[in-house]
Amino acid sequence: MAVIEDGLGLHAVEAWVVDPNNRYEAIARALVPTTVGFILFHRAIQGEAYFGSNYMVSPRPTTRKRLKMCLHEYGHMTLHHITVPGGRDQSTARREYEAERWALAAMTAAGLTVTAAETERARRNVFCAVAEDVLSGIDADPEAAAWCGIDADDIDRWRQTYEKAKAK
Ligand SMILES: [Zn+2]
């Protein structure tokens with residue numbers, strides 16, 4: 001499998017050759033979910049899981065930050081490996097919350113101590129997803145909202161903003 005794309009290559013998981021001296025890449029390789037067949041490593045520091053496929057995109061997980069990003073997509077590929085008929089009928093916040101929790105738990109299980117800053121970044125991601133849901137007219141997932149410090153008043157305020165914008 002030698003498909004070269006976007007500089008760093010599309011890798012069938014079984015052809016992924018890990019730098020044995022890189023602890024983070026070794027952790028990522030060991031944790032590839034069975035639902036992932038192909039990973040495109042690209043240069044951008046962002047990831048993407050393609051729900052309903054066996055394909056995901058990630059920066060090559062050679063640093064701690066990149067590993068966290070890769071694990072987040074593993075979380076999506078493990079937990080949300082479904083095609084949602086009719087498009088977006090599921091809370092983005094719920095998915096983001098579950099993927100963040102999955103990634104942080106995987107880091108802990110791999111022997112890394114999750115830092116306060118990493119937890120904060122994860123919460124910020126979920127915070128944005130809750131806001132996105134509410135402002136798209138989707139019910140906020142209460143557990144996801146609570147996890148990132150959003151209370152019922154915040155949600156009411158955002159929902160009013162959404163209703164006002166919709167009425168225009
Ligand atoms: Zn995500």
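Two strands are taken to pair if DSSP finds at least two bridges between them, and on that basis the predicted model holds an open sheet of four strands in the order β1-β2-β4-β3, with mixed pairing.

View 1. Along its principal axes the C-alpha trace spans about 55 × 35 × 25 Å, and of the 168 residues in the chain 30% are buried. Among contacts between residues at least 6 apart in sequence, 58% join residues that are at least 24 apart. The chain is divided into domain 1, residues 1-86, and domain 2, residues 90-168.

View 2. In the strand order β1-β2-β4-β3, the edge strands are β1 and β3, each of which pairs on one side only. Strand β1 (residues 10-12) is joined to β2 by three bridges, the two strands running antiparallel; in this pairing Leu-10 stands opposite Leu-40 of β2, and Ala-12 has Phe-38 of β2 as its bridge partner. Between β2 and β4, by contrast, the strands run parallel and are joined by five bridges, with Ile-39 standing opposite Met-56 of β4.

View 3. Helix α2 has 16 residues and reaches 22 Å from its first C-alpha to its last, which is close to the 22 Å expected at 1.5 Å a residue. The helix lies across β3 and β4, running at about 165° to β4. Its buried residues include Leu-67, Met-69, Cys-70, Leu-71, Tyr-74 and Met-77, and among them are also Lys-68, His-72, Glu-73 and His-76. The buried residues of α2 pack against α1 (23-30), β3 (48-49) and β4 (55-59), as well as against α3 (92-109) and α4 (116-134).

**View 4. The contact between domain 1 and domain 2.** The C-alpha centres of the two domains lie 23 Å apart, and 11 residues of domain 1 are in contact with 11 residues of domain 2. On the side of domain 1 that touches domain 2, the largest share, seven residues, comes from helix α2 (residues 64-79). The residues of this side divide into five nonpolar, five polar and one charged.

View 5. Ala-93 has its place in helix α3 and counts as buried because 29 C-beta neighbours lie inside 10 Å, where 20 or more are required. Leaving aside its neighbours within four places in sequence, Ala-93 is in contact with Val-126, Ala-129, Val-130 and Asp-133, and also with Ala-140, Asp-141, Ala-144 and Ala-145. The C-alpha atoms of Ala-93 and Asp-154 are separated by 15 Å, the two residues being 61 residues apart along the chain.

Key: Residues are numbered from 1 along each chain as its sequence is written. This is a predicted model: local features need pLDDT of at least 70, side-chain atom pairs count only at pLDDT 80 or more; totals for chains, interfaces and linings use all residues. A residue is buried if 20 or more other C-beta atoms lie within 10 Å of its own, exposed if 12 or fewer, and partly exposed in between; C-beta atoms are placed from the backbone. Two residues are in contact if their C-beta atoms, placed from the backbone, lie within 7 Å. Domain bounds come from an automatic or database domain assignment. Ala, Val, Leu, Ile, Met, Phe, Trp, Tyr, Cys and Pro count as nonpolar, Asp, Glu, Lys and Arg as charged, and the others, Gly among them, as polar. The expected span of a helix is 1.5 Å times one less than its number of residues. Axes are lines fitted to C-alpha atoms, for helices over the stretch in contact, and angles run from 0 to 180 degrees between N-to-C directions.
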